[in-house]
Amino acid sequence: MSTNIGGLAWLSTILSFKAVQLSKFDYRLSNKLGTDLQKLRCRVNYHALKFTEPINKMGQELVNRMRKMGKHYVALHLRFEPDMLAFSGCYYGGGEKERRELGKIRKRWKTLHRNNPDKERRQGRCPLTPEEVGLMLRALGYNKDVHLYVASGEVYGGDETLAPLRALFPNIHSKDTIATKQELEPYSAFSSRMAALDFIVCDESDVFVTNNNGNMAKILAGRRRYFGHKPTIRPNAKKLYRLFLNRENITWEEFSSSVRTHQRGFMGEPREVRSGRGEFHENPATCICEDLEAKSKLQTPPRKFGKTDVDFDEVVVDQDIENEPELSDQDEDDDLIDPQFQHIVNDTSVDDDPLISDTPDIEELLSD
């Protein structure tokens, strides 16, 4: 009886204020709940909680502007902000200046232990650099005409860090480049509102690429599975790290083939993760495919990458083994490319790229 009375009191309070603020809490509930409870969680995760109308309106306007630039676009959650790199304890070759700058930021977290940067990279616990992300995408078949939306705060190293990615994908955009300062003014003073705009553009993208397995990436991966299995690419950082170390000693063909091999099970395919594995909000298997349209996508043939057919539907990865625990839930030009891969930008045209935008292959790759 007392529980019912308490529940009614809470309901009355919520209805009177018409809003509720939830503090951060441990949402990693068991995946072994009953089906009805799991479906309730899906209702909350993917239907009940919505952004306010101004955020939705601005977010959709950004999506529309990306759509006008090309038939498809890829969204990249870069996660290469100074605080992210500092928290991870990773090192990216910036010498004493980088160690000093990131070390100063690390002091914000009193409980952080000292990390071995080389070990962190070997274990796949570090975000890829913007250049590494670009090379991965080119190896997977995305040509330089693809429009890339970068969701990010301040990138460590600024334009200099982004230059190699821009050389690989000249059509790079962000909310700051496709919207005016006046349009963003109501949101720019609030990091959570700016993140919400990025969330909407990433959610609506044809392909979403995450560079860190944090909260935003996980909930987006879950939404994209739940609403029709739209592709979400997660770098297999542990395997790719070894490949990037050896990239100057192999040909581009060997490199791209290895990337495709290492990325099996990390491409957001419908049967990629066993039911019950991973966290529920990233893999809501209990509720997925109640929708007939989504269910039919389970029967679709494997996506094609140029002349290589990669059957990701047959690959099932145990994420608990392949992925180390996430590091952080903190919220918030041609000559710059390694000589080994100079020909990617200089010699690759729309006509000879492995995935040409007007062929069935790219249509299949970038389709919803």
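Biologist: At roughly what angle do the axes of α2 and helix α12 cross, and within what distance do they come?

Modeller: Two packed helices are described by the angle between their axes and the distance between the axes. In this predicted model, the axes of α2 and α12 (residues 215-226) cross at roughly 95° and come within 11 Å. Angles of 65 to 115 degrees count as roughly perpendicular, so α2 and α12 are roughly perpendicular to each other.

Biologist: Which residues of α2 and α12 meet?

Modeller: From α2 there are Cys-42, Asn-45, Tyr-46 and His-47. From α12 there are Ile-219, Gly-222, Arg-223 and Tyr-226.

Biologist: Where is Val-44, and why is Val-44 called partly exposed?

Modeller: Val-44 lies in helix α2, which covers residues 35-48. Partly exposed covers the range between buried, under 20% relative accessible area, and exposed, over 50%. Val-44 has a relative accessible area of 38%, so Val-44 is partly exposed.

Biologist: Which residues make the nonpolar surface patch with Val-44?

Modeller: Leu-33, Leu-37, Leu-40 and Leu-49 make the patch together with Val-44, and its area is about 450 Å².

Biologist: Now take Leu-85. Is Leu-85 buried or exposed?

Modeller: The cut-off for buried is under 20% relative accessible area. Leu-85 has 1%, so Leu-85 is buried. Leu-85 is found in helix α4, residues 82-88.

Biologist: Which residues does Leu-85 touch, leaving out those up to four places away in sequence?

Modeller: Leu-85 touches Phe-80, Cys-90, Tyr-92, Leu-102, Pro-127 and Tyr-156. One of these, Tyr-156, is 71 residues from Leu-85 along the chain, yet their C-alpha atoms are separated by 8.2 Å.

Definitions and conventions. Residues are numbered from 1 along each chain as its sequence is written. This is a predicted model: local features need pLDDT of at least 70, side-chain atom pairs count only at pLDDT 80 or more; totals for chains, interfaces and linings use all residues. Side-chain values use heavy atoms; hydrogens and water are left out. Patches are made of residues with over 30% relative accessible area and no salt bridge: like charges are joined within 9 Å, nonpolar side chains (Val, Leu, Ile, Met, Phe, Trp, Tyr) within 5 Å. Accessible areas come from the Shrake-Rupley method with a 1.4 Å probe; for residues, only the protein chains shown count as cover. A salt bridge is a side-chain nitrogen of Lys or Arg within 4 Å of a carboxyl oxygen of Asp or Glu. Helices (H or I, at least four residues) and strands (E, at least two) are DSSP runs, numbered from the N terminus. Buried means under 20% relative accessible area, exposed over 50%, partly exposed in between (1.4 Å probe, protein chains only). Axes are lines fitted to C-alpha atoms, for helices over the stretch in contact, and angles run from 0 to 180 degrees between N-to-C directions. Angles under 35 degrees count as roughly parallel, over 145 as roughly antiparallel, 65 to 115 as roughly perpendicular and the rest as oblique. Contact means heavy atoms within 4.5 Å.
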